[in-house]
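Here is a short walk through one protein chain. Keep the structure in view as you read.

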Amino acid sequence: MTDCCRPNPPCVHFCRLDGHSLLGKGKIRNPDNGYEYEVLSVFAQGGMSTTYLVYNYQIKKLCVLKEIDSELASMAKARELFQREARILKSLSHNGVPDFHDFFASENYYSLIMEMIYGDSLQRLIPRNETEAVGWMLELAKILDYLHNLPQPIIHRDIKPSNLILRYHPSQVVLIDFGAVKEVTLKPGTRIATAGFSSPEQKKGLSFIQSDFYALGTTLIYLLTRKSPNKFYSPVTHKFTGLEDAGISPGLVSIINTLTYYSPSDRPSNAIEVIDILTKYLNNKNKQII
Ligand SMILES: Nc1ncnc2c1ncn2[C@@H]1O[C@H](COP(=O)(O)OP(=O)(O)O)[C@@H](O)[C@H]1O
Ligand SMILES: [Mg+2]
C-alpha cells in the first residue's frame with residue numbers, strides 16, 4: 001500500500017489522516033489535474049506548516065511540498081493567506097525565488113509544490129569574511145528590487161537567515177517562504193522564535209518596503225556574529241550597539257545602522273539605494289586589497 005491521500009513523515013507507519021497503513025512511501029495526488037507526488041522525507045516542521053521533499057512524477061524531479069497544519073487549514077484566514085502565498089509564488093519569475101509548480105486544496109489540507117533549491121540555508125552557512133556576507137546581501141537587495149517594483153509590489157516581511165538559501169549551481173541567494181500564514185497563529189508567541197530580525201513597525205502591524213531593508217540589516221548582524229540581533233539591540237536607544245566589539249568593521253556597522261534606523265523614513269528609500277550602498281562597500285574593499 002503506497003498510495004496515500006496526503007503526505008506522511010517517513011518515520012510514521014500509518015496515515016495521519018485516516019490511519020491506513022503506509023508500508024511504502026506516501027504518495028499524494030492533486031485531485032484537479034491528477035499530478036502525483038511521492039513523499040520522501042520531512043524537511044522542516046514548523047509551528048504552522050510542514051515542508052516535505054517529494055518526487056514530482058509529472059516533471060520527474062525532486063520538489064518541495066509545503067502544507068499548512070491541519071489546525072490552521074480549518075481557519076478561513078489561514079487558508080486565504082496560504083492561497084495568497086501560492087498565488088504570489090506563481091506570479092513571480094526570478095532566479096532568486098523558487099519556481100511555482102502546483103497548488104491544491106481540499107477540506108483538510110492545503111499543499112504548495114515548488115522548485116527544490118539545492119543549497120544551504122544562510123542560517124547554517126558561515127561566510128568566509130565580510131565581503132562574502134555583503135555579497136549575499138547584495139543579491140538579496142536585487143531580489144527585493146524585483147519584488148518591490150512589481151506592478152503590485154510585494155513586501156516579504158519575513159527576511160531572516162532561515163528563509164535564505166544559497167543555491168550551489170549557479171551560485172545565487174534564493175529567498176523562500178512567501179507565507180504570511182505566520183500572522184495568523186493559534187498559539188500566541190509562536191512568532192517570537194525568530195524575533196530580532198523583523199522591524200519595530202511590524203510589531204505594530206505596519207510594514208513598508210523599508211521593513212525588508214531592516215531585516216536585511218539584522219540578517220547581516222547574524223551572519224557576521226552568529227548571534228541573534230536581539231543580543232545587540234538597545235530598547236532604550238532603539239539601536240544596535242557593540243557590533244564593532246563583536247568584530248564587524250566600522251564601515252559595515254555604519255551601513256547596518258543606516259538599514260536599521262528605528263524610523264522607516266530614515267532608512268534607504270528604495271532597493272536601488274541599498275544596492276548602491278552595498279556595491280560601494282564592496283568596491284572599496286576590493287580597492288583596499290589591490
Ligand atoms: N524551495 C525550497 N527548496 C529547498 N528547501 C526549502 C524550500 N522551501 C522550504 N525549504 C526548507 O524548508 C524549511 C521551511 O520552509 P519555509 O517555507 O521557510 O516554511 P516555514 O513557514 O515553516 O518557515 C526552510 O527553512 C528550508 O530549509
Ligand atoms: Mg521559513
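Of the 290 residues in the chain, 36% are buried (20 or more other C-beta atoms, placed from the backbone, within 10 Å of the residue's own). The model is predicted: local features need pLDDT of at least 70 and side-chain atom pairs pLDDT 80 or more, while totals for chains, interfaces and linings use all residues. Residues are numbered from 1 along each chain as its sequence is written, and chains are lettered from A and ligands numbered from 1 in the order written.

The chain has seven helices and 11 strands (DSSP runs numbered from the N terminus: H or I of at least four residues for helices, E of at least two for strands).

Now look inside. The largest nonpolar core holds 41 residues (buried Ala, Val, Leu, Ile, Met, Phe, Trp, Tyr and Cys joined through C-beta atoms within 7 Å). Met137, Leu140, Ala141, Leu216, Leu220, Ile221 and Ile256 touch the most other members. Helices α3 (130-148) and α5 (209-225) are among the elements that each supply at least two residues of this core. Another core, of 22 residues, lies apart from it and includes Ile28 and Phe178.

How do α3 and α5 meet? Residues of α3, including Met137 and Leu140, meet residues of α5, including Leu216 and Leu220, by contact (C-beta atoms, placed from the backbone, within 7 Å). The axes of α3 and α5 come within 10 Å and cross at roughly 160° (lines fitted to C-alpha atoms over the stretch in contact, with angles from 0 to 180 degrees between N-to-C directions). The two helices are therefore roughly antiparallel (angles over 145 degrees).

Methods
A residue is buried if 20 or more other C-beta atoms lie within 10 Å of its own, exposed if 12 or fewer, and partly exposed in between; C-beta atoms are placed from the backbone. Angles under 35 degrees count as roughly parallel, over 145 as roughly antiparallel, 65 to 115 as roughly perpendicular and the rest as oblique. Two residues are in contact if their C-beta atoms, placed from the backbone, lie within 7 Å.
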